[in-house]
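Here are my notes for your next pass over the model. Please keep the viewer open while you read them.

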Amino acid sequence: MNSKHDCLFCDIAAKKIPADIIHESEDLIVFHDINPEAPLHCLIIPRIHIATINDLNAKNSSIVGSMYEAAAEVAENFNVAKKGYRVVMNCNKDAGQSVFHIHLHLLAGRQLSWPPG
Ligand code: 5GP
Ligand code: ZN
């Protein structure tokens with residue numbers, strides 16, 4: 001595995017820590033956020049450890065496209081694709097990133113305000 005150090009999301013991907021898993025593939029895992037900010041709030045993470053968006057490069061960045069594809073698939077399965085949803089990735093302190101393993105938030109099921117706070 002790629003969890004060379006303590007990382008909550010590496011541990012979730014490795015099933016060392018339980019999560020309410022929605023979808024899994026060879027590269028990705030999708031699970032419900034423990035503290036949902038919307039009726040549907042899930043997290044799409046790569047199995048490989050990438051700490052922040054700043055750590056993306058030509059070798060690992062194709063995973064981000066797969067994360068968006070998974071988001072669209074989950075949105076379709078939860079019947080929010082047509083009504084609307086938001087995907088967002090926070091990077092570092094000012095954006096409020098609290099888990100340093102990249103994750104795409106998928107939020108849906110209510111009117112989302114813009115701009116975010
Ligand atoms: P960030 O603030 O880094 O963008 O997002 C981290 C997200 O992970 C938060 O929305 C938080 O609620 C969620 N989270 C933190 N710890 C856990 C956990 O142990 N399990 C799950 N399912 N979500 C978690
Ligand atoms: Zn990790």
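1. Four donors count as tetrahedral if all angles lie between 85 and 135 degrees. Bear in mind throughout that this is a predicted model.

2. Which geometry do the 4 donor atoms around the zinc ion (ligand 2) adopt? They subtend angles of 106 to 117°, so the arrangement is tetrahedral. For reference, the ideal angle for four tetrahedral donors is 109.5 degrees.

3. The protein supplies Cys7 (SG), Cys10 (SG), His49 (ND1) and His101 (ND1) to the zinc ion (ligand 2). The spacing of the donor residues in sequence reads C-x2-C-x38-H-x51-H. Within this set, Cys10 and His49 link distant parts of the chain, 39 residues apart. Cys10 sits in helix H1 (residues 8-13). His49 sits in the loop between strand S3 (40-46) and helix H2 (62-77).

4. Is Cys10 buried or exposed? Cys10 has a relative accessible area of 1%. The cut-off for buried is under 20%, so Cys10 is buried.

5. The backbone oxygen of His101 lies 2.7 Å from a polar atom of the His103 side chain. His103 is placed in the loop between helix H3 (92-95) and strand S5 (104-108). His103 has a relative accessible area of 5%, and is therefore buried.

6. Gln97 is found in the loop between H3 and S5. Gln97 is buried, with a relative accessible area of 7%.

7. Turn to ligand 1. How many residues surround ligand 1? There are 16, and the closest are Asp33, Asn90, Gly96, Ser98 and His105. The side chain of Asp33 has an N or O atom 2.5 Å from an oxygen atom of ligand 1. For the side chain of Asn90, the corresponding distance to an oxygen atom of ligand 1 is 2.8 Å. Gly96 uses its backbone: an N or O atom there lies 2.9 Å from an oxygen atom of ligand 1. On its own, ligand 1 has 530 Å² of accessible area, and the protein covers 82% of that.

8. Ile48 lies in the loop between S3 and H2. Its relative accessible area is 33%, so Ile48 is partly exposed. How far apart are Ile48 and His105? They are 57 residues apart in sequence, and their C-alpha atoms are 17 Å apart in space.

9. Last, the overall fold. The chain has 3 helices and 5 strands. Along the sequence they follow the pattern α-β-β-β-α-β-α-β. The C-alpha atoms fill a box of roughly 40 × 30 × 30 Å along the principal axes. Of the 117 residues, 37% are buried.

10. Does the radius of gyration agree or disagree with that of a compact globule? A compact globule of 117 residues would have a value near 13 Å. The chain has 14 Å, which agrees.

Terms used
Residues numbered from 1 in each chain as written. Chains lettered and ligands numbered in written order. Predicted model: local features only at pLDDT ≥ 70, side-chain atom pairs only at ≥ 80, totals over all residues. Heavy atoms only, no water. Donors = N, O, S within 2.8 Å, 3.2 Å for Na, K, Ca; no water. Tetrahedral: all angles 85-135°; square planar, octahedral: opposite > 155°, others 65-115°. Helix = DSSP H or I, 4+ residues; strand = E, 2+ residues; numbered from the N terminus. Buried < 20%, exposed > 50% of the residue type's maximum accessible area, 1.4 Å probe, protein only. Near = heavy atom within 4 Å. Polar contact = N/O pair within 3.5 Å; in protein donor to acceptor, adjacent residues only side chain to side chain. Areas by Shrake-Rupley, 256 points an atom, 1.4 Å probe, with all protein chains shown as cover. Rg over C-alpha atoms; globule rule 2.2 N^0.38 Å.
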